[in-house]
Amino acid sequence: MTETRKESFIVSSGEVSPLGVSQHGKGINFALFSQNATSVTLCFSLPQSDKDDLNDDGMINLVLDPSVNKTGDTWHICVEDLPPRNVLYGYRIDGPGEWQQGHRFDPSIVLLDPYAKLVKGRSSFGDSSQKFAQFYGTYDFESSPFNWGDDYKFPNIPEKDLVIYEMNVRAFTADESSGMDPDIGGSYLGLIEKIPHLQDLGINAVELLPVFEFDELELQRRPNPREHMVNTWGYSTVNFFSPMSRYASGEGDPIKASKEFKEMVKALHSAGIEVILDVVYNHTNEADDKYPYTTSFRGIDNKVYYMLDPENQLLNFSGCGNTLNCNHPVVMELILESLRHWVTEYHVDGFRFDLASVLCRATDGSPLSAPPLIRAIAKDSVLSRCKIIAEPWDCGGLYLVGKFPNWDRWAEWNGMYRDDVRRFIKGDSGMKGSFATRISGSSDLYQVNQRKPYHGVNFIIAHDGFTLRDLVSYNLKHNEANGEGGNDGCNDNHSWNCGFEGETGDAHIKSLRTRQMKNFHLALMISQGTPMMLMGDEYGHTRYGNNNSYGHDTALNNFQWKELDAKKQNHFRFFSEVIKFRHSHHVFKHENFLSKGEITWHEDNWNNPESKFLAFTLHDGVGSRDIYVAFNAHDYFVNALIPQPRQGKQWFRVADTNLESPDDFVKEGVTGVADTYNVAPFSSILLQSK
């Protein structure tokens, strides 16, 4: 290996793998893929304690010689005597200048290494004064390996037993009502402090909105109607390997963020809670050609990393200006390496793939019946213990609910469950049969090959769209605060305001809304399949009708802990008790689709579109404790005939959403159930035989 001296550093040709940064003998090896680059310069800055706002000034530049520092399409160099941590680095890359050929090289920009395991960006979240701050790669080969503990173990919860809580790390504790020190609020450590709440609620998996390093200030770099907003949801990925540095406590230090993320995972696992990451591999933060923000992939090799049309312009199946070229072999390997990294380094338990239909498209954007990336994820040995969940649609119209290529492993967000349950509970005509199909496991979608009911992730509410309280409080979206004249956000919400649009003091309407929220939650938790609820719905969080609140780093999205305290003995109590009841009754968590002997439908009125009452019994073949459930979506009472319980048993009333707390849910049950039960308008009941 030939050694030379550049800028007082001893350098050698280096190694072609692994990509990114690695230790190699006495040196640090840098390796970068670029098929179309004609020149690559490694830029780095040594640790300087008196320099907070780093820029290009003072960076050391090492020009790579393609005859020495290039093997195939990989550029590489080894630099000796670099510090073992806190070196910031990037690349200047040049290449063909023809935009019409799909190239977007710009050697004036220092680019972030796609394989950087740690990223240094802004020092604090949402600080507009840092909106043009540079993203640099960095590394840490000095710190001791994280101590997971001798008694550490993964929860390893079977998929059929999961109850998922979709949440945002920052929004969970950023509000002043969390009672936390400002340095802790909104951080990974802040989440740790609130784990007792998650345990009290009863969920056993958190699905974290994006925690990869993302660009929260993407909307603020040019005058536009959305320049007042901060992307607090995180769907603007800068790098796929590094934890969001500004979710660390105090200032956004990437090494501290990595350590604290692991502490959070360890603490959640210790509490028996799995960690699923919402991952965004369909697009990046680099936007479109009209308003590009080149930070990494675009300037390294645009033609490889992004899908282009026949005129070599960016395709946009993500709705965000660009589409990652996921089934290109190089990009596919980047994604797989990233996923493996989060499993091996950070011990996460699974992934939910945002707009996963993008991952089912060929390099030209056409749909694939057997996408290589989707198959590789399903078959990968490192990912074999992981839950893998697809959001089976994209912004190009590729809707794959029930048809997502799955290799009997992939689960799916069941968008049809959301829509059908919403429509039945609010009283739409002709929905009873669809409602029955959804709550019994959506066999029409998932009973094929070796798929199971739990491959359908049931949800009524998710981060995008109305909260549960807003679903029963608004007929229309109210997105004026977003700055787009109400043109953003979904128009087809299947919501019902219960008689008045928005906040009201009317006791009758408020009571009906409370009842409807309980009806939705009960339906979700008694359904076959994997239930998922949204952070804040356990106390009735409102966004005042905004169904696309991604850009508000305010109380609109932040968990309101005082609201929770106020609802602890009623709304929260009901939600928590229903979740725990699901956990303790296997009849809601069948491994296989229901057989005739496992459910009885008390129904002879399937074909009447005006019939909005549904009742059924789930038969317990183990403990003989059958469960009777009835939903009344009529605006009048229904006097339901209760079936005779098994010999030696009697019915106990566990839930009646028409009753006030604590009578609305009594886990041990209340005796005295007669042969008929007068089920109130827009309410539901659950009985148990004992």
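**View 1. An open sheet of 6 strands, ordered β20-β21-β22-β27-β24-β25, has antiparallel pairing.** The model is predicted, with local features requiring pLDDT of at least 70 and side-chain atom pairs pLDDT 80 or more, while totals for chains, interfaces and linings use all residues. Numbering starts from 1 along each chain as its sequence is written, and side-chain values use heavy atoms, leaving out hydrogens and water. Strands here are DSSP runs of E with at least two residues, helices are runs of H or I with at least four, and both are numbered from the N terminus; two strands pair if DSSP finds at least two bridges between them. β20 (599–601) and β25 (665–670) are the edge strands, each with a single partner, so one side of each has no neighbour in the sheet. From one strand to the next, the twist averages 15°.

**View 2. Strands β21 (residues 613–618) and β22 (residues 627–632) run antiparallel and are joined by 6 bridges.** Look for Phe-616, which stands opposite Val-629 in β22.

**View 3. Helix α8 (residues 415–425) and helix α9 (residues 432–439) cross at roughly 130°, their axes coming within 9 Å.** Axes are lines fitted to C-alpha atoms, for helices over the stretch in contact, with angles from 0 to 180 degrees between N-to-C directions. α8 is therefore oblique to α9 (under 35 degrees is roughly parallel, over 145 roughly antiparallel, 65 to 115 roughly perpendicular, and the rest oblique). In contact (heavy atoms within 4.5 Å) are residues including Tyr-417 and Phe-424 of α8, and Phe-435 and Arg-438 of α9.

**View 4. Helix α9 lies across β20, β21 and β22.** α9 runs at about 30° to β21.
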